[in-house]
Amino acid sequence: KNVLARGAFTVSMGTADTVAACDYVGLVSGEKEPAKLDKAGFHAVKSEFVDAPLIAELPMAVECRLVSFDPESCRMVGEIVNVSADESVLDEDGKIDPDKLRPITFDPIHNAYRVLGEKVGNAFQDGAKLK
């Protein structure tokens, strides 16, 4: 509801170091536990780019303007307005380094969180060799 009213949202990246707090925030309803961010050790800060909060302790976030929302499927489409990243996860060229970020993803087969990061190919190059 808040996303629709604001017309914006952020997606903060959970990391290996923050997995327990991120899992807690996903498990607990803010309506039933208004202090859930505090209990997780998180603090919301205002985005400079969209009308939506960021979680200060998470080192990366994608800030989006809401383009559309389908209430039947709960599918949201957003336009990326900004990607924010803490300096601690940047490489020497100022780009986000997945090895420093250690982002997590949910594995629904094993009900586990897994760290992403192993490079297995070169986008827009490896497949071109088959042309």
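**Notes on the predicted model**

1. Strands count as paired here if DSSP finds at least two bridges between them. Helices (H or I, at least four residues) and strands (E, at least two) are DSSP runs, numbered from the N terminus. Strand E4 covers 60–70 and strand E5 covers 75–85. Across this pair, Val62 stands opposite Val83 of E5, and Arg65 has Glu79 in E5 as its bridge partner.

2. A word on how to read the model. It is a predicted one, in which local features need pLDDT of at least 70 and side-chain atom pairs count only at pLDDT 80 or more, while totals for chains, interfaces and linings use all residues. Residues are numbered from 1 along each chain as its sequence is written, and side-chain values use heavy atoms, with hydrogens and water left out.

3. Now for confidence. The predictor's confidence in each residue is given as pLDDT, from 0 to 100. The protein chain averages 93, and 98% of the residues score at least 70. Among the elements, helix H1 (residues 2–6) has the lowest mean pLDDT, 71, so please keep that value in mind when you look at H1. Strand E7 (residues 112–115) has the highest mean, 96.

4. On the overall layout, the protein chain holds four helices and seven strands. Their order along the sequence is α-β-α-α-β-β-β-β-α-β-β. Taken along the principal axes, the C-alpha atoms fill a box of roughly 50 × 35 × 30 Å. Of the contacts (heavy atoms within 4.5 Å) with a separation of 6 or more, 42% are between residues 24 or more positions apart.

5. Cys74 has a positive phi of about 65 degrees although it is not a glycine. Most residues other than glycine have a negative phi. At 55% relative accessibility, Cys74 counts as exposed; the classes are buried under 20% relative accessible area, exposed over 50% and partly exposed in between (1.4 Å probe, protein chains only).

6. Please look at Asn111 as well, in the loop between strand E6 (104–107) and E7. Phi of Asn111 is near 50 degrees, a positive value in a residue other than glycine. Asn111 counts as exposed, with 63% relative accessibility.

7. E4 has another pairing to point out. Strand E1 (residues 8–12) and E4 pair in the antiparallel sense over five bridges. Here Thr10 has Glu63 of E4 as its bridge partner.

8. Which residues does Arg65 touch, leaving aside its neighbours within four places in sequence? Arg65 is in contact with Gly7, Ala8, Val50, Val77, Gly78, Glu79 and Val81. Arg65 is found in strand E4 and is partly exposed, with a relative accessible area of 40%. Arg65 and Leu90 are 25 residues apart in sequence and 25 Å apart in space, C-alpha to C-alpha.

9. Is Thr18 buried or exposed? Thr18 counts as buried, because its relative accessibility is 13%. Thr18 lies in the loop between E1 and helix H2 (19–27). Leaving aside neighbours within four places in sequence, Thr18 is in contact with Phe42, Glu57 and Leu58.

10. Glu87 is in the loop between E5 and helix H4 (98–101). Glu87 counts as exposed, at 69% relative accessibility. Although Glu87 and Glu72 are 15 residues apart in sequence, their C-alpha atoms are 39 Å apart in space.

11. Last, surface and charge. Of the 131 residues of the protein chain, 24% count as buried. The accessible surface comes to about 9,500 Å², of which 53% belongs to carbon and sulfur atoms; these areas come from the Shrake-Rupley method with a 1.4 Å probe, and for residues only the protein chains shown count as cover. The protein chain has 15 positive and 22 negative side chains, with the centres of the two sets 5 Å apart. Lys and Arg count as positive and Asp and Glu as negative, while His and the chain ends are not counted. Each charge is placed at NZ of Lys, CZ of Arg, CG of Asp or CD of Glu.
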